[in-house]
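Colleague: I would like to learn how to read a few features of a model with you. Could we take them one at a time, with the general idea before the case?

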Amino acid sequence: MGLLLKKEREIESAISYFGIALAITIDTFGENHQSVAKIQNQLGTLWDAKGDYDKAIYFFNLSLAYNEENLDKDHPIVITCKNNLKFASEKKLIKMNAMAVPHQIHAKGSERNKPCICGSGKKYKKCCGLL
């Protein structure tokens, strides 16, 4: 059900279903099991799709830790886990950098007709120049 919801972009519902599946799988097999790592990776991809990179990174790290311990370093699952973690980390940095860009205050009349530096596509005077 979680995979179907993921495919249909019902991210919140998919996260809920995978969370329940994770709890059941841990109760059944314990935390150190391939099925647990697989669900953790799925949760990571869902949180990544939602844009919550901290949670995505958390679940990718859990999955990677199990897979690195139990599979060869060149195994496709290990490589996929590393790539997922790398991409989520890069997205987090991009998001953090975008939020950290200060809006430049231009003197009245200077560069007001140029595109706004925030990337909105609006002219500066109709966007951040209104502040």
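Colleague: How many nonpolar, polar and charged residues does the lining of the largest pocket have, by class?

Modeller: On a 1 Å grid over the protein atoms alone, a pocket is an open set of points where a 1.4 Å probe fits, with protein on both sides within 12 Å along at least five of seven lines, whereas a cavity is a set from which the probe cannot get out; lining residues have an atom within 4 Å of a point. Ala, Val, Leu, Ile, Met, Phe, Trp, Tyr, Cys and Pro count as nonpolar, Asp, Glu, Lys and Arg as charged, and the others, Gly among them, as polar. Here the lining has 8 nonpolar, 2 polar and 2 charged residues. This is a predicted model, in which local features need pLDDT of at least 70 and side-chain atom pairs count only at pLDDT 80 or more, while totals for chains, interfaces and linings use all residues. Residues are numbered from 1 along each chain as its sequence is written, and side-chain values use heavy atoms, with hydrogens and water left out.

Colleague: Which element gives the largest share of that lining?

Modeller: Helices are DSSP runs (H or I, at least four residues), numbered from the N terminus. The largest share, 6 residues, comes from α4; the lining includes Tyr 58, Phe 59 and Glu 69. The pocket has a volume of about 170 Å³, a volume being the space filled by probe spheres set on grid points that are joined across faces, edges and corners.

Colleague: Which salt bridge does Asp 54 form, and how far apart are the closest N and O atoms?

Modeller: A salt bridge is a side-chain nitrogen of Lys or Arg within 4 Å of a carboxyl oxygen of Asp or Glu, and the count comes to 5 by this rule. Asp 54 pairs with Lys 92, the closest N and O atoms being 2.6 Å apart. Asp 54 lies in helix α4 (residues 53-70) and Lys 92 in helix α5 (residues 76-100), so the pair ties together parts that are 38 residues apart in sequence. Glu 68 and Lys 82 meet in another salt bridge, at 3.7 Å from N to O; Glu 68 lies in α4 and Lys 82 in α5, so this pair ties together parts 14 residues apart in sequence.

How values were computed:
Helix = DSSP H or I, 4+ residues; strand = E, 2+ residues; numbered from the N terminus.
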